[in-house]
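Q: I have a structure on screen and want to learn how to read it. Where do we begin?

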Amino acid sequence: MTTYQLSHVAALEAEAIHIIREIAAEFERPAMLFSGGKDSIVMLHLAIKAFSPAKVPFPIMHVDTGHNFEEVIAYRDRRVEETGIRLVVASVQEAIDKGMVVEETGPRASRNGLQTVALLQGIEDHGFDALFGGARRDEEKARAKERVLSYRDEFSQWDPKAQRPELWNLYNGRHNMGEHFRVFPISNWTELDIWHYIRDENIDIPHVYYAHKREVFLRDNMWLGVTPFMSMMEDEVSEERLVRFRTIGDATCTGAVDSAADTIDKVIEEVAATRITERGATRADDRRTEAAMEDRKKEGYF
Amino acid sequence: MELLRLATAGSVDDGKSTLIGRLLYDSKTIFEDQLEAIEATSAQRGDEHVNLALLTDGLRAEREQGITIDVAYRYFATPRRKFIMADTPGHIQYTRNMVTGASTADLAIVLIDARHGVIEQSRRHAFIASLLRIPHLVLAVNKMDLVGWDKEVFDEIREDFTKFASKLDIVDLTFIPMSALLGDNVVDRSANMPWYEGSTLLHHMEEVHIASDRNMVDVRFPVQYVIRPQSTEHHDYRGYAGQVNGGVMKPGDEVMVLPSGFTSTIESIETGGGPVAEAFQPMSVTIRLADDIDVSRGDMLCRPQNQPEVGQDIDAMVCWMSESSSLRAGQKLAIKHTTKWARALIKDVQYRLDINTLHRIEDADDLSLNEIGRIKFRTTQPLFYDKYTRNRSTGSFILVDETTNATVGAGMILGDY
């Protein structure tokens, strides 16, 4: 006898595909943010499945800080070629060159905050009215309270107190000209769910997620990779270590963790046993203040 | 591993945050950096203990004011199940939030302070859980340590609540005596209450049977998106994508398309990962039909001999969610039901419910924020619906203000009028 049970990952997949199709049906110009990180890779995989055998009916947008991991950019370009999906790049370098933003200076300079400006410019240039993001509610406590469909006003601001109630699977994406929505189809996934799904679906991911040797230095208890984009402080020394990345963002503020996990099963084992959140372990941008994420979201961050 | 969605309701005074903290902590879901962060914040604020409420109160505004303003979602897993927990504040002005959190829940936990017994707030939470048809309700009788682990106190609360619950439509009701603070009967069995022979809370959450809560009888498939590849390889391909809202669909089954009434046969059921032999709730699939008939978004597939109600005159319970307006007869609103948008004209507010006493206020003619009542309305197009008690997907709808675009109402269909 069939039990008619769906595994938890299958149930999450069904929910995400429903959300993606709903947006494609109700919005004029949706786009999907794609960073080359594992969450956006899974989200793109879900979009491909949602419309198969047709092509994904919207483009992907990469907010390019210019401070990238080479492997990740190579991965992005390979994926674009394989899927035939249209790629739109919103460039932070361009925003700096045009004088729209001023770059932070000093050894702790990060382009993370500048991403918001490039992102908003990209939304405006292309007239996107819905932007899929791969944020998960388990990542951070401000995200834990954000809706799947997150309304942004004409200044792209998020107002946590004015969120629309979200009931059953009935999403309300109605909006006026100039306003848009951020849409988070994998809101209910955890880091471990993402990894199980990558394994079950045999999804190709950039190799920086697996253990590899890299020249790194210690700052704020995080291993930062040595890159041409940032200078080391006087007392900092680099060394070669066996590391992997748990998240991938701007290369200047994404830390690596010591790890020997060089296969997906070992990564899953490691993630299941870890006692530190991924953003806590590896993201300098969230450490700036206790409400760092909430503040950035209000300004229009993912 | 199965997914279980649960909703918790209660206030800080009931020990709800402690209970959630206990579940997260004992299931090893609280991470060291999160614990360190709340320890530091507690110390800075001069709190006597590590304040576990800081884990759930995520927003700056909430931490500053010591309140919870919204639904927060928490995730944890045991080897048996993965849990998605919608944590909602329990105060009356947050009825809207509890309705939101309850709408998709399989199980609700209502906290009762053993010292105070069944109070107005507990009755309200239980009523909302039953209104939203959460199939499993757990009454967590907390703070048993403060009443000397007394069986009589527990029995009295159980009797008291059972009497009240008989007025409600609750499918499965479980009482668990516990102390969230000390951990008794949350994850580990209590040594202090040997008289209690039932499950611990976590054990109950892991074992409660939820597979049969879904509607496996009435085939309901609202068409969400029509897939037409426009490529040479798939030149004639036409697939109807959507999420199954009820029943079991198989290739070869005869189906009817609403509103056209045409019938056809399911040729195949596809997913991005290949064809499947059957589809049921809550799978997202693509249905291909044997005949080339006109089907579009908002249509519904069902079985010819088992069709949903088709109608424009609807009788429903509604929870009003707008701060700036109230619901009254004569109002026009947008309505979203399954994958269909229409407009609704409110014909009548029949009564407002006093959600504490369940008393019907018959002379009420409007509903304001957080109020629940029974209304009649007419829609511009027919809806394909079932009673909410029969199907939570085809029996639910939202109301949207056409000027502000805000979601202002949540509705559960009772039938036609």
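A: With contacts. Two residues are in contact if their C-beta atoms, placed from the backbone, lie within 7 Å. Keep in mind that this is a predicted model.

Q: Which residues is A:Ala109 in contact with, leaving aside its neighbours within four places in sequence?
A: A:Ala109 is in contact with A:Glu103, A:Glu104 and A:Met230. Its place is the loop between helix 4 (92–97) and helix 5 (115–126) of chain A.

Q: Is A:Ala109 buried, partly exposed or exposed?
A: Count C-beta atoms within 10 Å: 20 or more means buried, 12 or fewer means exposed, and in between is partly exposed. A:Ala109 has 16 such neighbours, so it counts as partly exposed.

Q: What separates the C-alpha atoms of A:Ala109 and A:Arg137?
A: The separation is 28 Å, for residues 28 apart along the chain.

Q: Now B:Ser284. Is it buried or exposed?
A: B:Ser284 is buried, because 25 other C-beta atoms lie within 10 Å. It sits in strand 15 (residues 284–289) of chain B.

Q: Which residues does B:Ser284 contact, again leaving aside neighbours within four places in sequence?
A: Look at both chain letters. From chain A come A:Ala14, A:Ile17 and A:His18; from chain B comes B:Gln243.

Q: How do I read a sheet?
A: Follow the strand order. In chain B, six strands form an open sheet, ordered 2-3-1-4-5-6, with mixed pairing.

Q: Which strands stand at the edges, and why does each have a side without a neighbour in the sheet?
A: They are strand 2 (72–77) and strand 6 (172–177) of chain B. Each has a single partner strand, so one side is left without a neighbour in the sheet. From one strand to the next, the twist averages 25 degrees.

Q: How many bridges join strand 1 to strand 3 of chain B?
A: Nine bridges join strand 1 (residues 2–10) to strand 3 (residues 81–89) of chain B, and the two run parallel. One pair to find: B:Ala9 has B:Thr88 in strand 3 as its bridge partner.

Q: What packs on the sheet?
A: Helix 1 (residues 16–26) of chain B does. Among the strands it touches are strand 4 (107–113) and strand 5 (136–142) of chain B. Its direction makes about 35 degrees with that of strand 2 of chain B.

Q: Why is helix 1 of chain B described as largely enclosed?
A: Nine of its 11 residues are buried, so the rest of the structure largely encloses helix 1 of chain B. The buried residues include B:Lys16, B:Leu19 and B:Leu23.

Note on methods. Residues numbered from 1 in each chain as written. Chains lettered and ligands numbered in written order. Predicted model: local features only at pLDDT ≥ 70, side-chain atom pairs only at ≥ 80, totals over all residues. Helix = DSSP H or I, 4+ residues; strand = E, 2+ residues; numbered from the N terminus. Pairing = 2+ DSSP bridges. Axes fitted to C-alpha atoms, helices over the stretch in contact; angles between N-to-C directions.
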